[in-house]
Amino acid sequence: MRWRHMLALLALGISCAGPAAGPDPDYPPVMPGVEFRFPRDHGAHPAYRTEWWYFTGWLQGADGKPLGFQITFFRSRPSADPSNPSAFAPRQILFAHAALSDPVKARLIHDRRIARAGFGLATAAEGDARIRLLDWRLDRRADGIFRAHVPARDFALDLAFAPTQPVMVNGDRGYSRKGPRPEQASYYYSMPQLAVTGTVVKDGKPIAVKGRAWLDREWSSTLLPPNAAGWDWTGINFDDGAALMAFQVRGRDGHPIHAGGTMRRPDGSQIVLAPADVRFVPRRRWRSPQTGAVYPVEADFIVRLPEGVRRVRLKPLFDAQELDGRAGAMPVYWEGLVSTQSGRGYLELTGYAGALRF
Amino acid sequence: MREDVLRLTAVSKSLPGGRRLFEGLDLVLAAGEQVAIRGESGVGKSTLLNIVAGLDAADSGEIMVAGRNLAGLDETERTVIRRDKIGFVFQAFHILPYLDLAQNVAFPLILQKIPRSKAIARAGELLDAVGLGERRRSYPKELSGGELQRVAIARALVHEPALILADEPTGNLDPDTAEQIMALLGRSVKQRGAAMLLVTHSPTAAATADRQLLLTPHGLVPAHG
Amino acid sequence: MAETGGGWRWLIAGELRAFPMRFLLAGLAIAIGVALAFAVHVINRSAADAFGQAVRSVSGGSDLQISGASALGFDETLYPRLMALEIVADASPVVQLRAMIGEQNKPITLLGLDMLRALTVSPNLIGRTSAEAGEAEAALDMDALYLSETARAQNGLRIGGRVDVRANGRSHSFTITGDLPGVDAGQAIGVIDIATAQWRFGRLGMLDRIDLKLAQGVSIEAARRAVETVLPGSARLTDAEAESRRGDTLSRAYRVNLDMLALVALLTGGFLVYSAQSLSVTRRLRQFALLRTLGMQKRALGAQLLGEGALLGIAGSLLGLAGGYAIAGAALRFVGGDLGAGYFGGTSPKLHFAPMAALLFLSFGIATAVAGSYVPARQAARIAPAQTLKDAGDPVDPRAAPKAWPAMALIALATLFAFLPAVNRLPLFGYLAVALMLAGCVAGMPWLARTLLRPLARADSRLPSLDLALHRLLGAPSQASTALGGIVASTGLMIAMAVMVTSFRGSVDDWLASFLSADLYVAAASNEASFDAETQRRLADTPGVAGIAFSKSLSMTLDPELPPVLLLVRPVAGPGYELPLIEKARRPGVGLALWLSEPAARLYGARPGAPISLPIGKEGEPARAYVAGIWRDYARQQGAIIIDARDYIALTGDEMRSEAAVDIAPGASVPAVRAAIEARLPPDLAGRVSFAEPASLRARALALFDRSFAITYVLEAIAILIGLAGVAATISAQTIARIKEFGMLRHVGMTAGQILAMLASEGALLGFIGVTAGITVGLALSQILIHVINPQSFNWTMATTIPWALILAVVAALIITAAGTAVIAGRRAVSRDAVRAVREDW
């Protein structure tokens with residue numbers, strides 16, 4: 001579940017209605033009982049307020065040293081007056097973010113792209129994953145492989161993601177609750193255990209890489225509960241082929257408001273985790289020297305499975321994986337490469353540098 | 001009868017501050033007579049000359065110049081008497097630097113509205129007489145001090161005045177030149193029949209005069225060279 | 001020198017004590033010259049800085065900009081084409097409008113931005129959402145308006161309020177969401193979303209600007225080349241530096257003119273120093289001779305006079321710098337950074353001290369004073385001690401006929417220079433011609449005086465006073481020419497300026513009369529384009545209106561190095577629209593007929609009938625046109641081009657107009673028609689339209705003219721007053737120096753009245769010769785100003801009008817000044833004490 005960029009865009013006010021912005025666009029509600037169809041649902045759903053394609057994973061070069069990465073394409077439909085005939089009218093906003101974590105150097109580098117749709121500069125096609133955002137691209141080919149082309153300021157990612165498992169549909173057949181009210185929900189599927197091949201350009205040198213990745217796909221029209229301050233999320237690819245997605249939404253008092261997740265066993269069977277089945281327990285905190293925010297960078301996700309409670313201890317490959325987006329009017333959060341016993345994944349911690357504003 | 005050129009009777013003069021210069025001064029100058037007045041610095045020699053010239057007024061007494069009493073005349077009439085009857089020779093020459101020698105000498109005639117050609121011709125004669133005839137077109141800056149005083153003598157005599165007033169005419173000259181100039185001045189004045197009142201503190205210069213007087217606060221007394 | 005150092009100071013101090021006025025005047029003249037030059041420099045620096053800052057503020061920190069060649073902008077499809085270029089890292093499209101906000105009608109620059117692009121390209125233009133505005137209003141809010149602090153302050157607006165924004169003839173309401181922290185103080189800028197700007201203010205499909213951020217390592221030059229390949233005729237490549245330079249170009253000629261006047265003041269100062277020093281040398285020759293006799297070295301004596309000059313220069317220049325800075329401060333406060341000339345509209349400059357310039361002008365002042373002392377110093381150093389102890393005459397021999405050829409050569413050279421073209425758009429040779437002409441005339445004065453006076457002196461007037469006066473002027477030629485030089489120079493400049501300004505004003509008046517031939521003029525507030533086609537039809541049908549013609553003007557870049565010209569859209573013939581034509585094309589050319597103003601024609605080198613292309617054609621392609629005629633214009637120095645309204649609509653479809661000229665039907669009254677028009681205006685225009693009748697427009701235009709010439713008048717008056725004071729000082733000093741001469745003249749039988757008559761004759765003769773020569777040279781200079789300097793600086797010509805009454809007054813004033821000064825000084829010299837002077841020695 002990837003809301004942080006939705007929040008980033010919130011900071012820019014994209015999805016907020018001004019008092020005189022004219023009629024609110026007609027956002028379709030998220031309702032249970034809708035069957036996903038592919039490749040159609042890999043493509044954009046422009047009527048909904050928000051949507052994202054979110055890859056996280058780890059890579060290994062010839063030298064065997066690990067690298068973490070994330071690539072996100074985010075689509076938003078602002079509440080602009082639909083009668084504005086200007087070609088610049090922000091009917092759709094596309095935003096993308098890419099980061100590279102280097103555990104050897106204990107350093108995170110990132111870059112982003114943002115544009116309003118129009119003039120062929122930013123498009124998210126319907127029917128299949130095909131996104132153009134300035135010089136960044138994401139395509140799903142006929143062979144089912146996703147390809148991302150991301151030239152960034154200090155690095156470049158050119159990666160192919162080959163599915164090794166079927167799509168993992170989260171929640172109630174893709175209807176994923178985010179809060180106590182039924183409309184606080186999204187359509188949500190993941191693609192864990194993606195086999196990655198490609199090239200990373202780092203320090204000016206191209207490196208051939210291989211690795212494992214995770215794709216999160218989510219679209220929705222409704223926001224988080226109004227009293228939410230942030231959330232903690234993880235997605236883990238286990239070495240035996242199993243996968244875990246778990247999250248909790250924290251209130252302003254720091255207590256969980258809502259939680260959930262999906263556990264897929266190595267045999268492919270899958271368990272939907274209810275709010276009561278997921279607990280997040282911080283183990284070690286790290287204070288960011290830049291922002292002063294304190295993050296539980298080492299924590300346990302404790303999930304209750306039919307076979308018993310499983311404690312997944314997440315350890316960051318290094319601590320300094322905070323993304324300080326203040327310069328670009330973006331929020332501050334921690335998003336990092338983590339490892340666990342016989343598995344690796346990403347941990348996302350938001351709302352620690354002051355409550356996120358909605 | 002030969003008229004007296006200058007007659008001073010009981011002339012008194014005090015300075016504006018109140019100090020008395022002289023009192024009851026009498027002097028008579030006959031035509032052609034040359035009188036030298038000597039005296040200490042500050043006794044009023046120049047003031048006496050100015051009174052005679054009508055440039056300064058006496059406190060009391062009668063001043064007759066060429067038969068006319070200055071006391072009864074206004075400024076313009078006194079100026080006319082000065083122009084027509086008196087010639088001046090100064091210690092510092094006072095030759096106008098922007099006129100040539102002939103123009104300088106002719107100037108008193110011009111003031112009398114004599115036609116210019118005539119005035120210049122007459123000036124030429126006078127310059128011949130003082131030995132500068134050849135240099136009538138020169139400008140004063142080309143002349144030495146002695147030469148300048150010769151020009152001044154020519155200028156003083158050009159309009160044939162009855163009276164020459166000479167105020168320290170050799171004061172700025174070296175002794176040799178002074179002697180020559182005094183000789184020239186005395187001779188020239190005599191030739192033209194004018195009277196001369198010479199004020200000087202130089203015994204040598206005074207010696208050229210017919211008589212020498214000493215200016216004292218009580219008037220003029222005969223001086224002995 | 002060491003042993004004479006003490007004596008040196010003592011001598012200078014003594015001389016200063018003895019003649020304080022003379023030195024005060026000379027020092028003051030230097031001070032005024034330095035003050036004026038420095039003030040002009042500081043004012044312009046400050047104004048140019050403010051202008052540059054405004055340009056930079058609006059560009060928001062981008063590397064390079066594409067701007068519309070005209071106010072119509074260019075097609076927005078250029079934006080993706082630029083984005084596709086390799087050299088472009090990012091590009092930010094901009095709609096730029098002049099807008100009014102609130103009720104105070106203070107214009108702001110309204111920018112429609114895509115905040116997402118501006119974020120990386122021009123981050124200084126990103127608005128900061130204020131907490132008090134609420135969380136909902138933010139950067140991508142379509143109704144958010146971000147206002148710079150100045151824009152809010154000028155219009156009395158607070159963050160959080162709602163405000164109507166009017167631009168391009170339309171109005172829309174916005175919420176003031178936040179401020180623009182990156183915009184410099186003093187800049188009135190508002191930022192809204194680009195889509196809203198296009199939609200609400202009639203700019204759909206059009207952009208006015210694209211700001212570029214270049215890819216890393218791309219040079220500006222490489223970027224220029226790449227961008228040129230995709231640029232349509234309707235867009236131009238600019239950068240902030242070139243924009244500033246264009247602002248500079250516009251005011252440069254005006255500034256140089258002011259600098260020249262300051263230079264005249266400085267030179268007058270130099271002349272005064274020269275005259276004061278030569279008189280003091282003449283007077284002190286004996287003192288110097290004594291000093292030389294006592295063993296002072298020749299060089300030390302010269303150095304003493306140069307030292308006096310330098311001290312005078314330092315004191316005067318320091319005073320001038322302080323004064324100049326103060327003048328600049330006052331002028332910026334009360335007149336504005338353009339000194340009333342209207343070049344830097346809308347910017348309010350802060351005073352900048354310019355230390356380098358201060359140093360430069362300081363050295364100018366000192367150099368002038370030292371140069372003024374140089375000739376007298378040489379004269380003093382050369383004296384022969386023994387010789388000088390006698391009475392000194394004029395250093396120049398009166399018998400030698402002065403040579404005419406140096407003056408002739410200078411004047412010939414001046415004439416030649418007058419025919420040379422401008423250098424870098426500045427009339428440098430023109431100014432040189434003025435200087436040489438003046439120098440030639442001054443150099444020719446001894447010859448002229450002798451030529452004029454000799455016949456007079458030969459004639460026997462039987463007037464001793466006149467005779468002596470004539471002989472003195474002939475016999476002391478260098479003293480005479482010193483006084484004459486001052487008279488000639490100040491008369492010449494005075495007459496030249498008077499003729500030029502009178503001609504200019506007369507031509508402007510004629511031009512206004514022919515330009516303003518309608519009965520009533522209607523203009524929308526701040527010249528917003530406010531009359532749409534419907535309003536135009538309604539107004540044309542107003543009872544009492546016999547004819548109405550609508551117009552608008554928009555700026556347009558033909559050459560990126562030149563300031564934009566104004567395109568005037570109006571009927572070429574019609575009610576109230578006559579053109580003061582200078583030239584017409586003999587036969588029609590190809591394409592549209594365009595009528596160029598004289599400045600435009602001169603700036604772009606266009607002749608009648610020549611082809612010209614207009615960057616506002618369809619599809620961004622330039623429209624073909626030809627120069628149908630050239631008309632006189634004094635209002636738009638940057639040039640103006642008239643296009644017939646029908647041609648313009650065919651080309652652009654733009655029917656919005658900002659002004660109208662109305663012919664009133666016979667029998668109808670102006671107030672009645674005015675009221676009827678007002679009643680027919682649409683509600684949003686009511687009260688935002690102003691009316692003017694030709695008489696008041698003309699009065700306003702002439703007032704504007706006088707305002708822009710105000711500083712010129714003041715400078716000129718100061719220069720002339722210094723000149724006159726210099727003449728008076730010279731004459732009175734010469735007179736006072738002649739006190740012994742007057743004593744002798746009184747002795748030999750001149751009356752006091754005759755001496756005064758002589759002095760008055762001398763003064764009047766000097767005045768007469770000086771003024772005669774001055775008028776001649778002044779008329780010649782005025783022709784250089786009118787036919788060389790004005791066209792080369794401002795690109796307009798004018799017809800000569802000679803202000804005879806003024807010239808006569810000037811002549812009388814000068815002769816009276818010269819004669820009067822001589823008499824007044826003479827009165828003192830002829831007093832009773834003067835009689836004693838014959839006996840006084842030094």
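## Helix α5 of chain B and its structural setting

Because 11 of the 13 residues of α5(B) are buried, this helix is largely enclosed by the rest of the structure. The model described here is predicted.

The buried positions of α5(B) are Glu147(B), Leu148(B), Gln149(B), Arg150(B), Val151(B), Ala152(B), Ile153(B), Ala154(B), Arg155(B), Ala156(B) and Leu157(B). The length of helix α5 (residues 145-157) of chain B agrees with expectation: at 1.5 Å a residue its 13 residues should span 18 Å, and its end C-alpha atoms are 19 Å apart.

**Sheets of chain B**

Chain B contains seven helices and 10 strands. Of its 225 residues, 52% are buried. Among the contacts in chain B with a separation of 6 or more, 70% are between residues 24 or more positions apart.

Six strands of chain B form an open sheet with mixed pairing, in the order β6-β7-β8-β3-β9-β10. At its edges stand β6 and β10 (219-222) of chain B, each with a single partner strand, so one side of each has no neighbour in the sheet. From one strand to the next the twist averages 25 degrees. Helix α5(B) packs on this sheet, where it touches β6 and β7 of chain B, and its direction makes about 170 degrees with that of β6(B).

Strands β1 (residues 4-14) and β4 (residues 60-65) of chain B run antiparallel and are joined by five bridges. Leu8(B) has Ile63(B) as its bridge partner in β4(B).

**Hairpins of chain A**

The secondary structure of chain A comprises one helix and 23 strands. Buried residues account for 52% of its 358 residues. Of the contacts in chain A with a separation of 6 or more, 59% involve residues 24 or more positions apart.

Strand β3 (residues 93-102) of chain A runs antiparallel to strand β4 (residues 107-116) of chain A, and 10 bridges join them. In this pair, Ile93(A) stands opposite Arg116(A) of β4(A). The two strands β3(A) and β4(A) form a hairpin with four residues between them, and Ala106(A) in the turn has a positive phi of about 50 degrees.

Strands β18 (residues 278-287) and β19 (residues 294-305) of chain A pair in the antiparallel sense over eight bridges. Arg284(A) has Glu298(A) as its bridge partner in β19(A). A hairpin is formed by β18(A) and β19(A) with six residues between them; Gly292(A) in the turn has a positive phi of about 80 degrees.

| Strand pair | Bridges |
|---|---|
| β1(B) and β4(B) | five bridges |
| β3(A) and β4(A) | 10 bridges |
| β18(A) and β19(A) | eight bridges |

The contact between chains B and C takes 31 residues from chain B and 27 residues from chain C. On the side of chain C that touches chain B, α14 (464-475) and α21 (739-747) of chain C each supply at least two residues. The residues on that side of chain C divide into 12 charged, nine nonpolar and six polar.

The largest nonpolar core has 426 residues, of which Leu94(A), Leu163(B), Leu197(B), Leu198(B), Met437(C) and Leu594(C) touch the most other members. Apart from its neighbours within four places in sequence, Met437(C) is in contact with Ile411(C), Ala414(C), Val777(C), Ala780(C), Leu781(C) and Ile784(C).

Key:
Residues numbered from 1 in each chain as written. Chains lettered and ligands numbered in written order. Predicted model: local features only at pLDDT ≥ 70, side-chain atom pairs only at ≥ 80, totals over all residues. Expected span 1.5 Å × (residues − 1). Buried ≥ 20, exposed ≤ 12 C-beta atoms within 10 Å, placed from the backbone. Core = buried A, V, L, I, M, F, W, Y, C linked by C-beta atoms within 7 Å. Contact = placed C-beta atoms within 7 Å. Pairing = 2+ DSSP bridges. Axes fitted to C-alpha atoms, helices over the stretch in contact; angles between N-to-C directions. Nonpolar A, V, L, I, M, F, W, Y, C, P; charged D, E, K, R; others polar.
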